[in-house]
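Reader: I am new to this structure. Please take me through one part of it closely, then through what surrounds that part.

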Amino acid sequence: MGVEVYSSLSYFTLASSCRLCKTTFTICPHTNTSMATSSSGYSRMFCKLRKYANKSQSLYHIDSFNLVIRRIWTSGSKTQLQPKVHTKSLPQMVGVVGLEVHAQIQSTSKLFSGSHVRFLAPPNSLVSHFDASLPGTLPVLNRRCVEAAVLTGLALNCTINRKSLFDRKHYFYADMPAGYQITQQRVPIAVNGMLVYSHFEGRRRNQVVTKSVKIKQIQLEQDSGKSLHDDEQSQTLIDLNRAGVGLMELVMEPEMCCGEEAAAAVRELQLILQALGTCQANMAEGQLRVDANVSVHRPGEPLGVRTEVKNINSVRHLAKAIDYEIQRQMEVLQSAGKVLNETRAFDSKSGNTIPMRDKEGLQDYRFMPEPNLPPLFVYKSEASVPAGVDPAQVVVIDRLSAQLPELPSVKRTRLVETYGILQEHSFTLVNEDGLMDYFENVVQTTKAEPRKVIGWVIKELMGNLNSQNLKVSQSPISPCALAELINLAESGHISSSTAKQVFQEMWKAPEKTVGQIVKEQDLWMINDKEELQKICRRIVDSHPEEVQIIRRGNKKVLNKLMGEVQRETKGRTDPVQVRAILEKMVS
Amino acid sequence: MSAPSAAFRPAAAMLSLSIREVSQALRDGRVSATELCRKCIDQIQRTHYLNAFITITGETAMEQAQRADNRIRTGKPLGPLDGIPFSVKDNFCTENIKTTCASKMLKGYVPPFSATVVQKLLDQGAVLVGKTNLDEFAMGAGSTDGVFGPIRNPWSYTTLYREQSTEDPDSDWAISGGSSGGSAAAVAALSSFLALGSDTGGSTRNPGSLCGVVALKPTYGLLSRHGLIPLVNSMDVPGIMTRSVHDAATVLRILQGRDERDSTTVQAPSTPPSLPEHFDIRDICVGIPKEYHAPGLSTDTLAQWSRVAAMFEQAGARVQEVSLPHTQHSIVCYHVLCCCEVASNMARFDGLEYGHRSTIDSSTDAMYATTRHEGFNNVVRRRILSGNYFLLKSNYERYFVKAQQMRRLITEDLKNVFRSGIDVLLTPTTLSDAARYTDFIQEDNRTRSAQEDVFTQPVNMAGLPAVTVPTALSRRGLPISLQLIGQTLQDWKLLTVAHWMEQQVNFPMIHLHGDSDERKLDRLVRERTHTIGS
C-alpha cells in the first residue's frame with residue numbers, strides 16, 4: 001500500500017535543515033549596548049535613550065546622539081515631544097509605520113474545510129483531507145468566516161465588496177501543503193476602512209489624543225501549518241492543525257509614526273475584534289499576528305526604503321520593535337548607510353530587530369485566480385438576494401449590521417456621559433475584560449455616586465487583581481459585595497478608611513459577608529455621643545502641651561489630636577463629629 | 001505482451017449488451033451479477049495485452065456483485081445500474097483502492113475517500129471491476145505517456161484490421177487515444193459496460209472516438225469534480241463512456257447534480273427518466289462550423305461528416321453552416337491556461353504528506369526538487385515549467401490574461417451561434433482514425449495534443465456539453481466518430497439528438513480477429529441494432 005497516511009497525534013517529518021535556522025545574526029555596533037530591557041510606552045523609551053547617549057559619549061561624538069534623540073522624539077507624538085531647538089534647516093526625519101495584521105477568525109471550523117479549530121490540540125489531530133492537500137479535494141467556503149470578515153469590515157467602516165474573488169498565492173513551504181495559499185489578492189471582501197484609536201499624552205499621561213488610520217483592505221485567507229525545527233536531529237516536524245484556519249488580513253496604510261501609535265491602534269483593534277467575537281485577538285497565542293512595515297523619511301520627501309518587522313508577540317513588543325527599528329534606520333541613514341528592503345525579526349530578549357534570511361531572494365508568488373471557488377457574493381438586504389437562492393444560506397449585510405454590538409469607542413463615550421467619570425477611567429473600564437460590567441453592576445446596586453464607585457473599582461479592585469495577576473472574572477469580591485461595602489461607608493456605618501480595611505478582609509475571606517467582617521472585627525462606627533466625648537476627653541487630657549498650642553491659636557495642631565482619636569478608635573469615628581467635639585473641649 | 005489468437009469469444013455475448021439490455025437480463029434472471037462480474041474480469045484478463053487496466057479489483061467486485069444479486073433476488077434492485085460492472089480512470093479517487101494517475105508520483109497511493117461520481121455509481125449498486133490506464137496525470141492525447149505504458153486500441157485486433165496488416169500484432173497496432181484511453185478500451189473491448197473518464201480538452205471524447213464508443217463530456221459543473229485529481233480545474237469534467245447513447249443518458253441522470261463538496265457544481269435541470277423514443281428531428285437546427293474544416297482532416301472523416309450532415313438534412317432537420325471565428329486561437333490559449341493550472345495543481349506533490357518521496361534529503365528544497373524530478377515524467381515537468389513561466393508577475397498579463405480574454409471570445413462565439421437558433425453543432429471529433437503507435441510517437445506530446453485536441457478543447461474552454469458517437473469504420477477498419485456540441489445545461493437535448501444520430505448510422509459491433517462463431521456475433525449485432533432502433 002505504500003501510502004503515507006498521516007495519523008493523528010503525529011507529525012509529518014521531514015529530515016532537513018531549515019532556512020530560518022541558518023539565520024545569521026548581524027549586530028550593529030550602534031545597537032548592542034542598550035534597549036535590551038523591557039520598556040513600554042514612549043516616555044520610558046526616552047529615558048533609555050538618554051542613558052544610551054551618556055554611556056556612549058566616549059565612543060561617539062555627543063552631537064550625533066543628541067540628534068538621534070531629537071529625531072526619535074519627533075517621530076513620537078508631536079505635541080509633547082516636539083523639540084524646542086532646531087539646529088539644522090533640514091526638516092527632521094520621522095518614522096512611517098504601516099501594519100499588516102493577521103487575525104485568526106473565531107469559528108468552530110476552518111475556512112475551507114470542516115476540521116475543527118482549537119488551540120493546543122494534539123499535533124495533526126485537526127486535519128481534514130483538504131487540509132492535508134490530498135489530491136482531488138476541493139475548498140468549500142465556510143459562511144461563518146465570511147460573516148466574521150463582513151462584521152469586522154462594518155465595525156471598521158469599510159466598504160463591503162458585494163462580489164469578491166479568491167486567488168492562489170504560490171510558494172513552497174513545508175507547512176503550506178498545497179504549495180499555495182488561497183487568499184484574496186485582486187478583490188478582497190472589504191476595502192477603504194478606518195480605525196479610530198486613542199492614546200495618552202501629557203506629563204501625567206492622562207490627556208487623551210484621538211487619531212485614525214486608514215484600513216486599505218480586509219482579505220480572507222488560509223492560515224499555514226506550523227513547522228518545528230529540531231536542529232539536533234536535523235529534522236523538521238510539521239503540525240497541520242493550523243493549516244487552513246481562516247484568517248482576516250487587515251492592511252493598514254502607513255500613517256502612523258511610532259511604536260506607541262501602532263500599539264494603541266492594535267490595542268483598539270483587539271478590543272473591537274473581541275467585542276465582535278470575530279477573533280480572540282490574543283497575540284501570545286498567535287490569534288493576532290502583527291507585522292510592521294517601517295521606514296523613515298523627511299516630511300515632504302518620498303517615503304524611505306521600508307523593512308518588514310515580524311515575530312512580534314505582544315502589543316508591548318510591537319511598540320518596542322517599531323521604535324527600535326525607526327531609530328536603527330535613522331542611524332543607518334545618518335552614517336550615510338542604506339536601509340535595505342528586508343524582513344527583520346524582533347528579538348524580544350535583546351529588544352533588537354535582526355535580519356531574517358530572505359526566502360530564496362525575490363519571491364514571485366505567481367498569483368492566479370482560484371478556479372475551484374466561484375466569486376463570493378454578499379447581499380445588502382434579504383430583498384436583494386436573487387430568486388432561487390435561500391437567504392438563510394447567504395451572507396446579508398443588513399442582517400449583520402443589526403448584530404453589531406456596542407463598540408469600545410461608543411462604550412467609552414457612554415460611560416463618560418452616563419456616569420460622569422474621567423475619560424481615562426473609561427479606557428480602563430473598557431480595556432479590562434469584564435470590568436465595565438462589574439462597574440455598572442456596582443453602580444446599579446449602590447446609592448453612591450458613580451464617581452465614587454470608579455475609585456473603588458480602579459484603585460482597590462484593579463490594584464488587587466493586578467498584584468495577583470487575576471482577571472476581573474476571578475475577583476473574590478462580587479459586584480454585589482462591593483456595593484454593600486460602599487453602601488455601609490456611604491451611610492456612615494463605617495468610616496471610609498475602615499471600608500478599605502474591610503475590602504482587604506473580604507478579599508482574603510470571600511465566604512464572609514461585609515456585615516460579618518465588620519462585626520467580627522468590631523469596626524462599626526462609634527456614633528454614641530457620650531462615648532465619643534469620653535474618648536476625646538481622654539486624648540485632650542493626655543496631651544496638655546498640644547492643647548496649649550491650640551489655645552494659643554495654632555489650630556493645625558488640632559489635626560494631631562484628631563489623629564490620636566482615630567488611632568484610639570481604629571478609625572471608627574466620623575472626623576467631622578470628632579473635630580466638633582475636640583474644638584469645643586479646647587476652646 | 002502478446003495478443004492471443006482468439007481474444008474476444010462469443011462467450012462474451014452477454015458482455016456486448018447495452019446497460020439497458022443487461023440490466024433487464026439481470027432482473028429476468030437470465031444472468032446473475034456475479035456471473036456478469038466474473039465474465040468482465042475474465043474479459044479483462046483475456047485482453048490484458050491492451051494494457052487498459054492498472055488495477056483490477058476482482059475481489060471487492062465479486063463482493064459487490066454478490067450484494068447486488070441479493071438485492072435483485074429479493075426484487076429490490078437499487079436502480080438501472082445495480083449489478084452492472086464498470087471501470088474508472090485511475091485519476092478518480094477510490095477509497096482503499098490504489099489511485100496512481102499513471103505516475104510514479106502516486107504509485108501505491110491509496111486515497112481515504114471516493115470521488116463523488118464513483119460513490120454515486122457504487123451507491124446505485126454498480127460493480128467496480130478496475131481502474132483504467134491513462135496518460136500521466138491525464139496529460140496527453142494518445143494514452144502513450146503513462147508510467148504503465150501505452151494502451152492499445154481494441155479495434156486494431158479486429159479481423160478487418162489484422163487482415164490488412166502485414167506485421168505482427170505486437171508491433172502494428174493503433175493507439176487508443178487519450179488521455180482516458182484505458183476507459184475507452186475497456187468499454188470497446190467489452191470488459192465494462194460503463195467507464196468513467198475525465199475530459200479537460202477532449203480526454204474522454206478523443207479516445208471514445210478512436211475506440212468507437214459513445215463518450216459524453218457533460219456541461220461544466222453538472223457533475224462533481226470532488227475526488228477527480230485535477231488537470232485544469234476550470235475545464236475538467238468527469239466523462240461518461242458507454243456503448244450506447246441511451247446508456248450514457250442513464251448514467252448522466254444518476255451522476256448529475258449539485259455536490260456540496262464541489263462549489264462549482266450546479267443544480268441539474270429536471271430530466272425525464274429516459275430519452276424520448278419518438279423525437280421529431282425536423283424541429284432541430286444543426287450547425288456546421290466552417291472553421292472545423294481544419295488542415296489534416298482525413299478524407300474518411302470528412303466523408304462521415306458530410307454523410308451524417310446529409311442524413312440530418314434528409315430527415316428534415318435544418319442544417320446550416322456557421323462560423324466560430326476565434327476557434328483557431330483556442331488551442332494555443334488552451335495550452336497556456338492548462339499549463340498555468342497544472343503548475344499550480346501539481347505544487348502539492350512535494351513528497352511530504354503522500355506519494356513518492358526522494359531519498360535525497362540534504363535540505364527541504366533538495367528533497368522537493370528531487371522528489372518532483374523523480375516523480376513526474378517529462379510531459380508533466382514541461383507543463384509545470386511553462387505554467388510557472390506564464391504566471392510570473394512580468395508575464396501574467398501577456399499570457400494568462402490574454403488567454404483568458406481569448407477564452408471569453410471563444411465562449412461568446414459559441415453563445416452567439418446558439419443564440420442565432422442553432423440547437424447542436426456537428427463536427428468531427430478527431431482529424432482522423434487512430435494512428436499507429438509507431439507513427440504517433442514520432443512527434444512529442446505537446447505537438448500531438450495540439451493536433452488531437454483541436455476539435456475538442458474549445459468546448460472545454462466554454463464549458464459546454466459535447467458527445468461523440470461512432471458512425472463508421474475507416475478503410476483501415478478503425479472507428480470514425482462525430483461530435484455533437486450542445487448548449488450549456490442542455491445535455492439532455494444533446495443526447496436526444498445524438499440518440500437519433502446513433503440510430504441512423506448503424507455502427508458495427510466490435511468483431512475480433514480469431515472470434516470463431518461469426519454467426520452468433522452477427523446475430524448479436526442485429527439484435528442490438530434492433531433494440532436501439534426500436
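Reader: How far apart do the end C-alpha atoms of residues 35-495 of chain B lie, and what percentage of the span is helix and what percentage strand?

Author: A caution comes before the answer: this is a predicted model. The end C-alpha atoms of residues 35-495 of chain B lie 31 Å apart. The unreviewed entry annotates residues 35-495 of chain B as "domain: Amidase".

One local detail stands out for a close look. The peptide bond from G178(B) to S179(B) is cis. Its omega is near 10°. S179(B) sits in a loop of chain B, with helix 5 (159-164) on one side and helix 6 (181-188) on the other.

Now turn to the partner chain. Chain B gives 48 residues to the contact, and chain A gives 42 residues. Together the two chains bury about 3700 Å². Carbon and sulfur atoms account for 56% of that area. On the side of chain B, R348(B), L352(B) and E353(B) supply 18% of the area that chain B buries against chain A.

Polar contacts do occur: 14 residue pairs are counted, with both residues at pLDDT 80 or more. Three helices of chain B give two or more residues each to the side that touches chain A: helix 10 (327-345), helix 11 (364-375) and helix 12 (378-391). Helix 11 of chain B gives the largest share, five residues. By class, this side of chain B has 21 nonpolar, 14 polar and 13 charged residues.

Chain A has details of its own. N157(A) is not a glycine, yet its phi is positive, about 60°. The residue lies in the loop between helix 4 (143-155) and strand 3 (159-160) of chain A.

Chain A also holds an open sheet of three strands, in the order 6-5-16. The pairing is antiparallel. Strand 6 (180-183) and strand 16 (368-369) of chain A each have a single partner strand, so they stand at the edges, and one side of each has no neighbour in the sheet. Strand 5 (residues 167-170) of chain A pairs with strand 16 of chain A over two bridges. Residue by residue, R168(A) has M368(A) in strand 16 of chain A as its bridge partner.

Note on methods
Residues are numbered from 1 along each chain as its sequence is written. Chains are lettered from A and ligands numbered from 1 in the order in which they are written. This is a predicted model: local features need pLDDT of at least 70, side-chain atom pairs count only at pLDDT 80 or more; totals for chains, interfaces and linings use all residues. Side-chain values use heavy atoms; hydrogens and water are left out. UniProt positions are given in the numbering used here, feature names are shortened, and annotations may be inferred rather than shown by experiment. Helices (H or I, at least four residues) and strands (E, at least two) are DSSP runs, numbered from the N terminus. Two strands pair if DSSP finds at least two bridges between them. Contact means heavy atoms within 4.5 Å. Buried area is the accessible area (1.4 Å probe) that two parts lose on being put together, summed over both. A polar contact is a pair of N or O atoms within 3.5 Å; within protein, one must be able to donate a hydrogen and the other to accept it, and residues adjacent in sequence count only if both atoms are side-chain atoms. Ala, Val, Leu, Ile, Met, Phe, Trp, Tyr, Cys and Pro count as nonpolar, Asp, Glu, Lys and Arg as charged, and the others, Gly among them, as polar.
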